[in-house]
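Below are some short notes on the charged pairs in this model. Please read them alongside the coordinates.

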Amino acid sequence: MAYEHRTGRVNSGDVSLFYRVFGKPGATPILILHGSNYYDSVDWIEVASALATDREVVTPDRRGWGESTRSPSKDNSLDALIDDMLAVMRAMKWSKAIVMGHSGAGPTIISFAVNFPQMTEKLILVDSQMNREESARTGKSVGNPPYIFESVEAAMAKHKFSNPPRISWDRKRAEQALVKVEKGLMLKRDPDGSNRQPIGEGASLPRRPVREMWEELAMVKVPTIIVHGNRSSRYPSATVERLAKNYPHIPRAVVDSEHDVAGQAPEALIAHVRKFIAGS
C-alpha cells in the first residue's frame, strides 16, 4: 500500500538529515524517532500516515541510518541527536511537538523533554530501552567494518535474533535497507553509529548533562506514556515493577508484539497514541 507523503533534507552539524512528512498543519505535530537496531523511517510510514489525519507528522532517518548521511567526525553523541531533533523542528517551523521514540531513541527523547520542555507537548515511549547505562550514551566505538552481506537472504538470516526487526521477516523491507556495493549488499547503517565521543572540535562536548536514564525520566514534566510489547525482552518483570513503583504517574499500554511494535502491532499502537494525544 502506498502512503502519500513528501520528503525533505536539513543540515545538522556535519550531516544531512533525510525526513518524511505526512499530513498538513493542524493540531500539535508529531515527531517520530526510529530506534537504533536496524530501523529507519521506512518502518514508521504506516503509523505516521495514520496519525497524520489532523496534523503534520515527521519521521527522520537518524544520522548515519537510511538516507541520512554519516558524520565525518563520528559524532553520534546525545548532543548531536538532540541537535538533529531541533534542526528538523526548525525546518518544519514547529515551536512545539508531541515527541515519540522507539527503542534506542527513548533515552534521546527523554533527554529532549528534560532540556526543552517548552518544545515538548507530550512524550510517547515505544518499547523504549529502559536500562541503558550512561556508558552507552558516552562510549567510544570507531573503525568498525561496514555491514555487508552476499545476498538479501543472508542479511535477513543475520537478523533473526530475539525480538527481531522487520528486516528479518519482511523481504521487501530488507531490500529497502540495503544498497549494492562492490562486495555485495551493504546495510544502510553507520557501523560507528554507537560512537558517542566525536573526533575533532566536537570532542570537548557534551554541552548538556548526560544523566542516568531513570533519573532523567523522573525529571520529565510533560504528560508521558509508555507503549510496549507483551513479548518484548525490553520489559522484564523487574523493569515493569520499577515503573509501577517509582513512576506511577506514567501509564503503560501493552500491545501484542515483540520489540518491533510498529511492524507487529501497528493498529494497536495507533489507537493508544490517538487516545493519548486527543485534544493536543
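1. A salt bridge is taken here as a side-chain nitrogen of Lys or Arg within 4 Å of a carboxyl oxygen of Asp or Glu. By that criterion the structure holds 17 salt bridges.

2. The model is predicted: local features need pLDDT of at least 70, side-chain atom pairs count only at pLDDT 80 or more, and totals for chains, interfaces and linings use all residues. Residues are numbered from 1 along each chain as its sequence is written, and side-chain values use heavy atoms, with hydrogens and water left out.

3. Asp83 and Arg208 form a salt bridge, with 2.9 Å between the closest N and O atoms. Asp83 lies in helix 2 and Arg208 in the loop between strand 9 and helix 7, so the pair ties together parts that are 125 residues apart in sequence. Helices (H or I, at least four residues) and strands (E, at least two) are DSSP runs, numbered from the N terminus.

4. Arg208 also meets Asp79 in a salt bridge (2.9 Å, N to O). Asp79 belongs to helix 2 (residues 78-92), so this contact links parts 129 residues apart in sequence.

5. Buried means under 20% relative accessible area, exposed over 50%, and partly exposed in between (1.4 Å probe, protein chains only). Arg208 counts as buried at 14% relative accessibility, and Asp79 is buried too. Asp83, at 23%, counts as partly exposed.

6. Asp54 and Arg55 pair through their side chains in a salt bridge (3.0 Å, N to O). Asp54 is partly exposed at 41% relative accessibility, whereas Arg55 is buried at 4%.

7. A network of salt bridges links Asp40, Asp43, Arg166, Arg173 and Asp260.
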